[in-house]
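Here are my notes on the model you sent. Please read them with the structure open.

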Amino acid sequence: MSVPRRIFEKLKHGGLPACRMLPWTHGSRSVHGLHQRDVKVTARVKRVSIEGNIAVGKSTFAKLLRSACVDWEVMAEPVSKWQNIQSGSSKGADTSSQSTVSNLLQMMYQEPQRWSYTFQTYSCMSRLKTQLQLPPARLLCSKGTPVQVYERSIYSDRYIFALNMFELGCINATEWAVYQDWHSFLVEEFGHQVELEGVIYLRAPPEKCLERLGLRGRSEEKEVKLEYLDKLHSQHERWLLDKSTEIHFEKLKQIPVLQLDASVEFQQDSSVQEDFITKVKNFFSTL
Ligand SMILES: Nc1ncnc2c1ncn2[C@@H]1O[C@H](COP(=O)(O)OP(=O)(O)OP(=O)(O)O)[C@@H](O)[C@H]1O
Ligand SMILES: Nc1nc(=O)c2ncn([C@H]3C[C@H](O)[C@@H](CO)O3)c2[nH]1
């Protein structure tokens, strides 16, 4: 049986390390382009998302994790893709002729009723692509606890943002029904490949997030109000703490959550950083 082309290319370029060379000649089924043996090799790698309100400090915390342990791979939220929608970005298109046609993040903030549904289709698709990426070679070789960490996930896309936009009336009942239908279909189709083993919830008062959002000064967010961050804060609390959000996937209902107090100014404080890393290490070892 031949190796699925997509996987062959991935292995050739991304490269599985010699320590995990795969015996392709043995007949086994291809699961969504992932060879079954490949699924086994990657199964030891845990998958965790960092969740939290806008500007709570996820990217800053992600940077800390990146520098803390070689067994952890942190995948950034694909914000720049949302800010630079490219023309002709289909597979095989000549990338040299691509140009930026729009900034969807800006459009969503400026005209939420017009653009929220479009935004959620694109954000969710880009998160799905991120979650489907195979772990890098060093994680597959790891003798410790290898973990792929994602900044947000296809689950916060639905249970935080899309739900919030629906409740705010920026996504209508038809759009919400359509979104949920394809979201459930994709999660079920991709199965284990998009499951998470844990969530790190960075928690801070919305007022603190607004302060940090102002500090960061991303131009698209200049009209974001405390009221919006309050709503998003409540969505996080309902999903990750109270567990009162209706969740449609069994494994996600039981997911372990590590809650960290993100209001602490940890950037200049190495003892807080060490405390965070210890908590994260202990959490990963339980997954
Ligand atoms: N613990 C912290 N103490 C003080 N300032 C912080 C802390 N964490 C983040 N910041 C600052 O707050 C701003 C926002 O942080 P960051 O970009 O990491 O947020 P984010 O959660 O990744 O945002 P988004 O939700 O937009 O992805 C940055 O200017 C950053 O330097
Ligand atoms: N509407 C909406 N849906 C999402 O799924 C989503 N994910 C992130 N964001 C916004 C928050 C930050 O401004 C910026 C970077 O996180 O993008 C989102 N907005």
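**Notes on the predicted model**

1. Start inside the sheet. Strand 3 and strand 8 (residues 198-203) run parallel and are joined by five bridges. On strand 7, I50 finds its bridge partner in E151. Strand 7 (residues 147-151) is also parallel to strand 3, again with five bridges. Two strands pair when DSSP finds at least two bridges between them. Strands are DSSP runs of E, at least two residues long, and helices are runs of H or I, at least four long; both are numbered from the N terminus.

2. Is strand 3 enclosed or open, and why? It is largely enclosed by the rest of the structure, because seven of its seven residues (46-52) are buried. One side carries K46, V48, I50 and G52, the other R47, S49 and E51, and both faces are covered. Buried means that 20 or more other C-beta atoms lie within 10 Å of the residue's own; 12 or fewer means exposed, and anything in between is partly exposed, with C-beta atoms placed from the backbone.

3. A word on the basis. This is a predicted model: local features need pLDDT of at least 70 and side-chain atom pairs count only at pLDDT 80 or more, while totals for chains, interfaces and linings use all residues. Residues are numbered from 1 along each chain as its sequence is written, and chains are lettered from A and ligands numbered from 1 in the order in which they are written.

4. Check the confidence. pLDDT is the predictor's confidence in each residue, from 0 to 100. The chain averages 87, and 83% of its residues reach 70 or more. Residues 1-32 fall below 50, yet this stretch has 39 contacts in the model beyond near neighbours in sequence. A contact means C-beta atoms, placed from the backbone, within 7 Å. The ipTM is 0.98 and the pTM 0.88.

5. Overall make-up. The chain has 13 helices and nine strands. Of its 287 residues, 29% are buried.

6. Ligand 1. Its shell holds 17 residues, with G57, K58, S59, T60 and R212 nearest. A residue is near a molecule if its C-beta atom, placed from the backbone, lies within 6 Å of it. By class, seven are nonpolar, five polar and five charged. Nonpolar covers Ala, Val, Leu, Ile, Met, Phe, Trp, Tyr, Cys and Pro; charged covers Asp, Glu, Lys and Arg; the others, Gly among them, are polar.

7. Ligand 2. Here 13 residues surround the ligand, the closest being I54, V79, S123, D157 and F161. Helix 6 (112-132) is among the helices that each give at least two residues. Helix 6 gives the most, with four. The shell has seven nonpolar, three polar and three charged residues.

8. Annotated positions. An unreviewed UniProt entry lists E77, Y109, Q120, R152, D157 and E221 under "binding site". UniProt positions follow the numbering used here, feature names are shortened, and annotations may be inferred rather than shown by experiment.

9. Compare two of them. E77 lies in the loop between strand 4 (72-75) and helix 4 (79-83). It counts as buried because it has 20 C-beta neighbours inside 10 Å. Beyond four places in sequence, E77 contacts E151 and R152. E221 sits in the loop between helix 10 (206-216) and helix 11 (226-242). With 16 C-beta neighbours inside 10 Å, E221 counts as partly exposed. E221 touches Y109 and L213, leaving out residues up to four places away.

How values were computed. Two residues are in contact if their C-beta atoms, placed from the backbone, lie within 7 Å.
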